[in-house]
Amino acid sequence: MNKIYKSLKLRAGIYYWYWQRASSMSPPEVLHRVSEQGRRFGWRFKRFGWRRFDAPDGDLVANRNLMGALASPISADHLDLLTREVENVRARGVTLLGVEWPSDALTTLSPDLWLQDPVTKKQWPGKETFCFDINYRSASEHSDVKFVWELNRLQMLHPVAMLARIRGDRSDVAWIMKVITSWMQANPPFRGVNWSSGIELGLRMVSIAIIVACIGEYLTPDQRRQIRTFVAAHGFWLQRNPSLFSSANNHRVAEGLGLLLAAQLTPDLPESSQRYRAAVTILQDAVQTQFFVDGIGVEQSPSYTAFTLEMLAFAALVLKDAPEAMQLNPALLVKPATALRRFLNEKGISPNIGDNDETRVVSGPLGREPRYVSSIIAAVLGLSESKEVPPPHDAHLRDLIFGSSNACRLPETGLATFVDGGYTTYQESSSRRHIHLVFDHGPLGFGTIAAHGHADALALWLSVDGDPVLADCGTYLYYSIGPFRDVFRATGSHSTLQVGLDSQSEMAGAFNWKRKAMGRINCSTRSGTAWEVEGEHDGYVRRYGAVHRRRVSYDGEAIEIVDRLTGSFHHVDTCISYLLDSSVVPELKSDRTVVLRRRGSVLGRIIFSGPPARTESISLSTVPFSPQFNQLTSTSRIDVRVRSRPSDTIKARIEFA
């Protein structure tokens, strides 16, 4: 009876998620979802097993372009990085997203490893459960499902395979195959949590493609047959479970990449040619659908834009010698990479705008990668053989694949406005200081659900001398964190204006928005070193009859922010917040001045002014802050509370030390 109750509870959670999503779906998408659920219901009663995909006769084809890239001469620095990473993986285990797996986990390779929640130590559903019956979005007995998924991408094998190619060490080859065998024992086709998301299947196909390109010549016939079976099952499931309509974001790109690699690795299988053509169409379309015409990523998140670019760059490399109509031109990725470069400060670090779950395509090192966006820009420039010098970035194994240059150049100075993507960036470098500012006046996110966007219209991000001052609250985790997911996406967790206690956009689930604020730019002017940009959004029109307008200007000495509400309302309670990086210590010197310090030194001050009769308070508060995925701390926020009437202006002048 208890088992039946748990099953019904899981199904209820899944259907509740779909009910929340339905409010954002078009009629065609609703029909698609109904049909999708019907298919999945039928598959639930099938036991496919690995034998269903056994293909004893046929080849396992390594991609020539990937092999060629990996056969290029390797620098001493990259060889040292590779060697240290393999030693860490083989001897000490892995640390992913800040969570350590037991040091002997990759030595014993128990099948339980692939289903273990490293935080709660409990097992996720495995071979006994159909993958789409698992409610991983709100599984209260587990931590975030991303932890178990991260290990199951098999990205820890990337450096091992690369070093095995260089050293020709058969013990590395044997260990890689032992890992794959263990994974297959724990994850029979379409049973368990590791088959639930197409993006995970796509990234596993990248791991297999790298492994085959590196050690394919060392594999025995039985080992090649085993990998062919692995690939066939992944290709089958990717082809039959596409992310369409509101889900056709980076997940669809990952599925296209996975389909491409599955078809290329096993070209003799009956459905491979169909998968190949479908994958090329998906990936070529993604170049148009995943970026605005000015190059800004539609996800409204620099890290997700970089992730999409990395997937497309990998596909472009694989398709390099395909017939011209089937190629993906790397030059088409340069514009998004160049736009992304404007989000980097002088140290090559981008602010955490929108979601950032630290997903990567090529891994190594496995740990945190604060300059990931910079690394992807360098990869795109290397792949496209651009003469442009990349920004500062850390050495990484993807440099070997994409031919990234070791040289670096600081980001371009000056003002850049992206009207379609909805951002203005400013970079100033002088002997006195380095200033980098980003101003958001664009849409919430991609498509009808804007899954990875935050309610941050007209927000600001500011760094001085390469370190953040006005920061982003971050992401923290995706699942099983209760109200925290909403807190980190809410307007109050960003440096912008909030009316009442409401966010600009209304949430309808952890990756869905019921109503979305639409931002736009009103004007952008410049004269010498001085400039001015104004934007507005309509997020409070329906509820309060108010439009929020923000003007940001710079006179060569200080940044001024002017906020006002226009509309038919009489008066509303507003709170203008400035979220500080956790390294910045604010001090309220008077009722209208806040001094900012870092490590004891004065960075500058913010001077506030506005309608004196209605300025209720300027205060400091402590709020949740997540500088990296799965890292929760706190930071300071400056709150300016005002009883606003139409045409009231509230000013903040940021002066630098």
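Buried means under 20% relative accessible area, exposed over 50%, and partly exposed in between, with a 1.4 Å probe and the protein chains only. The model is predicted: local features need pLDDT of at least 70 and side-chain atom pairs count only at pLDDT 80 or more, while totals for chains, interfaces and linings use all residues. Residues are numbered from 1 along each chain as its sequence is written, and side-chain values use heavy atoms, with hydrogens and water left out.

**Exercise 1.** Decide whether Leu154 is buried or exposed, and describe its backbone.

Solution. Step 1: locate the residue. Leu154 is in the loop between helix 6 (145-152) and helix 7 (157-167); helices (H or I, at least four residues) and strands (E, at least two) are DSSP runs, numbered from the N terminus. Step 2: apply the cut-off. The relative accessibility of Leu154 is 0%, so Leu154 counts as buried. Step 3: read the backbone. Leu154 is a residue other than glycine with a positive phi, near 60°. Most residues other than glycine have a negative phi, and most peptide bonds are trans.

**Exercise 2.** Describe the loop between helix 14 and helix 15 through Glu358 and Pro365.

Solution. Step 1: Glu358 lies in this loop, and its phi is also positive, near 60°. Step 2: Glu358 has a relative accessible area of 11% and is therefore buried. Step 3: Pro365 is found in the loop between helix 14 and helix 15. The peptide bond from Gly364 to Pro365 is cis, with omega near 10°.

**Exercise 3.** Find which residues are closest to the centre of the second largest cavity, and sort its lining.

Solution. Step 1: define the term. On a 1 Å grid over the protein atoms alone, a cavity is a set of points where a 1.4 Å probe fits but cannot get out, and lining residues have an atom within 4 Å of a point. Step 4: the lining divides into five nonpolar, five polar and five charged residues. Here Ala, Val, Leu, Ile, Met, Phe, Trp, Tyr, Cys and Pro count as nonpolar, Asp, Glu, Lys and Arg as charged, and the others, Gly among them, as polar.

**Exercise 4.** State how many residues of helix 14 are buried, and what they pack against.

Solution. Step 1: helix 14 spans residues 334-341, and six of its eight residues are buried. Step 2: among them are Val334, Pro336 and Leu340. Step 3: the buried residues of helix 14 pack against helix 13 (302-318), helix 15 (372-383) and strand 3 (414-418), where contact means heavy atoms within 4.5 Å.

Note on methods: On a 1 Å grid over the protein atoms alone, a cavity is a set of points where a 1.4 Å probe fits but cannot get out, and a pocket is an open set with protein on both sides within 12 Å along at least five of seven lines; lining residues have an atom within 4 Å of a point.
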